[in-house]
Every structure is written in C-alpha cells, then in structure tokens.
Amino acid sequence: MNELKHKYFISNKSVEVSKEVFTIYHQMGRQERYQIERDQKNGLLHYDAWDSKDLNGIEYIRDKTVNVEETVIEKLICQKAMQAVENYDKHGILQLFLLGFTETEIARKIGVSQAYVNQTKNKLRKKIQTYMENDICN
C-alpha cells in the first residue's frame with residue numbers, strides 16, 4: 001500500500017495523499033495550465049479572462065440592444081396569426097403579397113381578377129387585425 005507522503009492543497013488546507021493521487025491531481029492541473037497556455041499562444045480569448053469581482057466576462061459582449069424574449073414572442077405571434085389565416089387564403093395571396101408582388105401580378109399568377117386579390121387581401125388584413133386584437137391582447 002502506498003504511504004501518505006505527499007501533500008496536496010485543497011481550499012488552502014494541506015492534505016496528505018498517496019503518490020498516485022498526488023500524481024493524478026498534478027497531471028490534471030498541468031493539463032489545464034497547458035490548455036490555457038496553448039489557447040493564449042493561438043490568440044484564443046476566454047470570457048472568464050475578463051471576469052472581475054463586479055462583472056462577469058460575458059457581460060462585456062452581450063448585445064443589450066436586442067431583447068431576445070420580445071423577438072421570440074413577436075415571431076410566435078406572427079406564426080399564430082399566419083396559422084389563423086392559412087385556411088382562408090387558398091391561393092397564397094398573402095404570401096405573394098408579402099414577397100413583394102403587386103395585386104396585378106398576383107392576379108395574373110393565380111388566374112383571378114385584380115379586384116378579387118384586393119378584396120381577399122383586405123379580408124385577410126381584417127382577419128389578422130381581429131386575431132391580434134381579440135386573441136393576443138386579451
């Protein structure tokens with residue numbers, strides 16, 4: 001059995017350990033230092049290199065101009081609104097309109113009159129507005 005001859009410091013306390021345990025802990029520490037040295041040599045910067053007692057390193061690079069929660073909520077609302085009109089919009093008029101086609105181009109593309117496209121577009125707009133007012137705001 002290995003004798004407890006080596007000392008290893010844990011939380012600033014000296015603990016006697018066997019040679020095998022000391023060697024393993026020493027190798028782990030050296031491996032970590034080697035990876036840090038290699039990263040520094042290759043110009044890799046870690047967030048924790050910027051850590052201070054008052055601020056976490058990631059705070060320096062966080063984009064505070066974008067509210068991710070609001071963006072996700074807006075996208076979910078748009079998806080729900082689109083699902084609400086999807087069954088009504090048989091010809092994909094709303095999709096074509098959102099892609100930038102004019103009413104005349106849409107009418108020509110799907111084989112209906114421009115007046116039908118205009119009427120359908122207005123109905124879809126009202127349906128989305130009603131959905132937003134009734135289902136989202138309440």
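Asp39 is buried, with a relative accessible area of 11%; buried means under 20% relative accessible area, exposed over 50%, and partly exposed in between (1.4 Å probe, protein chains only). The residue lies in helix α1. Helices (H or I, at least four residues) and strands (E, at least two) are DSSP runs, numbered from the N terminus. Not counting residues up to four places away in sequence, Asp39 touches Leu44 and His46, where contact means heavy atoms within 4.5 Å.

This is a predicted model, in which local features need pLDDT of at least 70, side-chain atom pairs count only at pLDDT 80 or more, and totals for chains, interfaces and linings use all residues. Residues are numbered from 1 along each chain as its sequence is written, and side-chain values use heavy atoms, with hydrogens and water left out.

**Confidence**

The predictor's confidence in each residue is given as pLDDT, from 0 to 100. The protein has a mean pLDDT of 80, and 93% of its residues reach 70 or more. Confidence is lowest in strand β1 (residues 6-10), with a mean of 71, and highest in α4, at 89. Where pLDDT is low, the predicted coordinates should not be read in detail.

**Salt bridges**

The structure holds 3 salt bridges, each defined as a side-chain nitrogen of Lys or Arg within 4 Å of a carboxyl oxygen of Asp or Glu. Side chains of opposite charge can pair when their charged atoms come close.

| Salt bridge | Distance, N to O |
|---|---|
| Arg30 and Glu37 | 3.3 Å |
| Arg38 and Asp39 | 3.8 Å |
| Glu103 and Lys121 | 2.6 Å |

Glu103 lies in helix α4 and Lys121 in helix α5 (residues 114-136), so this pair ties together parts that are 18 residues apart in sequence. Glu103 counts as buried at 13% relative accessibility, and Lys121 is buried with a relative accessible area of 13%. Arg30 is partly exposed at 34%, and Glu37 is partly exposed at 41%. Arg38, the partner of Asp39, counts as partly exposed at 37% relative accessibility.

**Nonpolar core**

Which residues make up the largest nonpolar core? It has 5 residues: Ile93, Leu96, Ile106, Ala107 and Val117. Helices α3 (93-98) and α4 (103-110) each supply at least two residues of this core. A nonpolar core is a set of buried Ala, Val, Leu, Ile, Met, Phe, Trp, Tyr and Cys residues joined through side-chain atoms within 4.5 Å. Leaving aside neighbours within four places in sequence, Val117 is in contact with Ile93, Glu103, Ile106, Ala107 and Val112. Among these contacts of Val117 is Glu103, whose side chain also meets that of Lys121 in a salt bridge.

**Nonpolar surface patch**

Leu45, Tyr47, Trp50, Leu55, Ile58, Tyr60 and Ile61 make a nonpolar surface patch of about 650 Å². Patches are made of residues with over 30% relative accessible area and no salt bridge; like charges are joined within 9 Å, and nonpolar side chains (Val, Leu, Ile, Met, Phe, Trp, Tyr) within 5 Å. Accessible areas come from the Shrake-Rupley method with a 1.4 Å probe, and for residues only the protein chains shown count as cover.

Tyr60 lies in the loop between α1 (19-41) and α2 (68-86) and counts as partly exposed at 48% relative accessibility. Glu59 lies in the loop between α1 and α2 and counts as partly exposed at 25% relative accessibility. The C-alpha atoms of Glu59 and Tyr47 are separated by 9.0 Å, the two residues being 12 residues apart along the chain.
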